[in-house]
Amino acid sequence: MSAELADLVRPEALGPALAEVTRDDGWRALTWELVTGGKSNLTFMLRSPAGELVLRRPPSGKLLPKAHDMRREARVQAALAGSDVPVPAIVLTDDGGLLGLPCYVMERVAGHVVRDTLPDAYASTESRQALGHGFVETLARIHTTAPAAVGLADYGRPEGFVERQVRLWTEQWQKSLTHEVPEMTELGRRLAARVPAQQRSSIVHGDYKLDNLVLHPTTPGRIAAVLDWEMSTLGDPLTDLGLLMLYWRGTEDLPLTLIPPISHLAGMPSREDLLGWYAALTHIDLAEMDFYQAFAHFKFAAVAQGVQARGRAGSAAGQDFGDLDTEIVGLAARGLDLL
């Protein structure tokens, strides 16, 4: 365990805090391991004689405003506990006294976190179709959970959500960019000029994709937990669906460095299948999906630029995501095509 990672976890402070909150001194003998795959916040597996837990904390270095908000992640997961949306239970939250930055610790949910391979249980077409349906059904559960019913009525400002999102990701892009990208400038301008009317408001996850889920250990299609609520808020649910369409890569799509190549495998449902299931479950009109998909490309290009900047600055716990410049330009160009 490197000294750098130890400084990110601070076991001398975190271990006793966990021992106190769990009433189990086994947590004083804490070990940890960085979970690879996190592109924004850092995730550590915590182990001790008392069991296993998961730590979520921001990266080191300078942070962008409104990014890496651990308080929001912990709040929404605590609110959704006991709802139809499966989430890990929160064990501990801290505003910065333990690690120097806000963090939280949650239970470890048993199951599969998919990166670039599917578990053996998902070898058949039937199991892969079930996975796709469960994936969409869980998103529909998020979007049909009444915020007020789980104590989240004040979790965001749904009116004017997409207009603010276009402005926000334009600002995040500008804060992280290293050189001008005309395609991104034009895409941001065109998105701002044609925001569609918002049909309904809901809880929005903000980064809903396969590797932010825990698949049930033995039942294909059942989602055991939804993770990574950093970007969650109240807003337009179709922003989640548009991003899902970007993440769900088909055989005709170029792979993206930051997206595990899973959805293109034989037997997996198509984008059209996912859209049809979602519409049937939520009764939302999907006529404007080209806009929402274009916005997803804009947002993800800005996210990729931020990931690249953190990697180059050495604030991603040693993770290196390579040169993403070509992919960022390609994302922006595809967004323009969609419009």
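At what angle do the axes of helix H4 and helix H8 cross, and within what distance do they come? I worked from a predicted model. H4 covers residues 125–144 and H8 covers residues 271–282. I found that their axes cross at roughly 40° and come within 9 Å. Angles under 35 degrees would count as roughly parallel. H4 and H8 are therefore oblique to each other. I noted the hand of this crossing as right-handed.

Next I listed who makes the contact. From H4 I have Gln 129, Gly 132, His 133, Val 136, Glu 137, Leu 139, Ala 140, His 143 and Thr 144. H8 answers with Asp 273, Leu 274, Trp 277, Tyr 278, Leu 281 and Thr 282. I sorted the residues of this H4–H8 contact by class: seven are nonpolar, six polar and two charged.

I then turned to helix H7, residues 238–247, and how it packs on H8. The angle is about 160° and the axes lie 10 Å apart. Angles over 145 degrees count as roughly antiparallel, so that is how H7 and H8 run relative to each other. This crossing is right-handed. H7 contributes Leu 238, Leu 241, Leu 244, Met 245 and Leu 246. H8 contributes Arg 271, Leu 274, Leu 275 and Tyr 278. By class I get eight nonpolar residues, no polar ones and one charged.

**Cavities**

How many cavities of 30 Å³ or more are there? I count two.

Which residues line the second largest cavity? I wrote down Trp 173, Leu 177, Thr 178, His 179, Val 181, Gln 305, Asp 325, Ile 328 and Val 329. Helix H10, residues 325–338, gives the largest share of this lining, with three residues. By class, the lining of the second largest cavity has five nonpolar residues, three polar and one charged.

Conventions
Residues are numbered from 1 along each chain as its sequence is written. This is a predicted model: local features need pLDDT of at least 70, side-chain atom pairs count only at pLDDT 80 or more; totals for chains, interfaces and linings use all residues. Side-chain values use heavy atoms; hydrogens and water are left out. Axes are lines fitted to C-alpha atoms, for helices over the stretch in contact, and angles run from 0 to 180 degrees between N-to-C directions. Helices (H or I, at least four residues) and strands (E, at least two) are DSSP runs, numbered from the N terminus. Angles under 35 degrees count as roughly parallel, over 145 as roughly antiparallel, 65 to 115 as roughly perpendicular and the rest as oblique. A crossing is left-handed if the near helix is turned anticlockwise from the far one by less than a right angle, and right-handed if clockwise. Contact means heavy atoms within 4.5 Å. Ala, Val, Leu, Ile, Met, Phe, Trp, Tyr, Cys and Pro count as nonpolar, Asp, Glu, Lys and Arg as charged, and the others, Gly among them, as polar. On a 1 Å grid over the protein atoms alone, a cavity is a set of points where a 1.4 Å probe fits but cannot get out, and a pocket is an open set with protein on both sides within 12 Å along at least five of seven lines; lining residues have an atom within 4 Å of a point. Grid points are joined across faces, edges and corners, and a volume is the space filled by probe spheres set on the points.
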